[in-house]
Amino acid sequence: MKAILISLSTAVALAGSTVHADAQDQAAYIDDRSDGPALVRSLYNAINRHEYARAYSYFSDPVDSYETFVKGYEKTVDVQVLIGSVTQEGAAGSIYAPVPVAIKSTEKGGNEKIFAGCYITRIVNAAIQEPPFAPLHIESAELENVAGPLEKALPKICHSPS
């Protein structure tokens, strides 16, 4: 299984950029909806940059209000995401991509939490859409707090909705 670890602050530091105290200054802007893993990376890029409206916009039908969503990240200073193998599946005019993830969240004060689970991304076939166009989005997410380390928390597989 091929997995990709994204630590935005580390990537910037390795690229030779100056590391600033503010997460937004550390991470280059990424907004990529080309596939499920890219969309999830974009979500966590937005969270690391404290661009919560952008992060919130990636969900098709958020469970929480925007205010509750933002409040959930008020102590977060850095998020790393590990993404597992993804297989796209077609169903009834849509393409689904179940994205397995393990996430390490670092809070103010250095407290770390590990979460694992699945994001389900979906796009309706672009050829059959009418305006307004609905891009690839996060259809659902199921994450739970788990024991680390991050690399061992990654689910082996996620399933599309039936």
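A: What follows goes from the overall fold to the cores and then to the disulfide. The model is a predicted one, in which local features need pLDDT of at least 70 and side-chain atom pairs count only at pLDDT 80 or more, while totals for chains, interfaces and linings use all residues. Residues are numbered from 1 along each chain as its sequence is written, and side-chain values use heavy atoms, with hydrogens and water left out.

The protein has six helices and six strands, where helices (H or I, at least four residues) and strands (E, at least two) are DSSP runs numbered from the N terminus. Along the sequence these elements follow the pattern β-α-α-α-α-α-β-β-β-β-β-α. Of the 162 residues, 41% count as buried, which is to say under 20% relative accessible area, with exposed set at over 50% and partly exposed in between (1.4 Å probe, protein chains only). Taking contact to mean heavy atoms within 4.5 Å, residues 24 or more positions apart account for 57% of the contacts with a separation of 6 or more.

A nonpolar core here is a set of buried Ala, Val, Leu, Ile, Met, Phe, Trp, Tyr and Cys residues joined through side-chain atoms within 4.5 Å. The largest one has 22 residues, of which Val40, Leu43, Tyr44, Val101 and Tyr119 touch the most other members. Two or more residues of this core come from each of helix H3 (36–48), helix H4 (52–57), strand E2 (76–83) and strand E4 (94–107), and H3 supplies the largest share, six residues. Leaving aside neighbours within four places in sequence, Val101 is in contact with a set of residues that includes Val40, Val81, Phe115, Tyr119 and Leu154. Apart from this core lies another, of seven residues, among them Ala102, Ile114, Ala116 and Ala153.

The structure holds one disulfide, a term that here requires a pair of cysteine sulfur atoms within 2.5 Å. Its partners are Cys118 and Cys158, whose sulfur atoms lie 1.8 Å apart. The pair links distant parts of the chain, 40 residues apart, since Cys118 belongs to strand E5 (residues 112–124) and Cys158 to the segment after helix H6 (150–153). With -85° about the S-S bond, the link between Cys118 and Cys158 is left-handed. As for accessibility, Cys118 is buried, with a relative accessible area of 18%, and Cys158 is likewise buried, at 7%.
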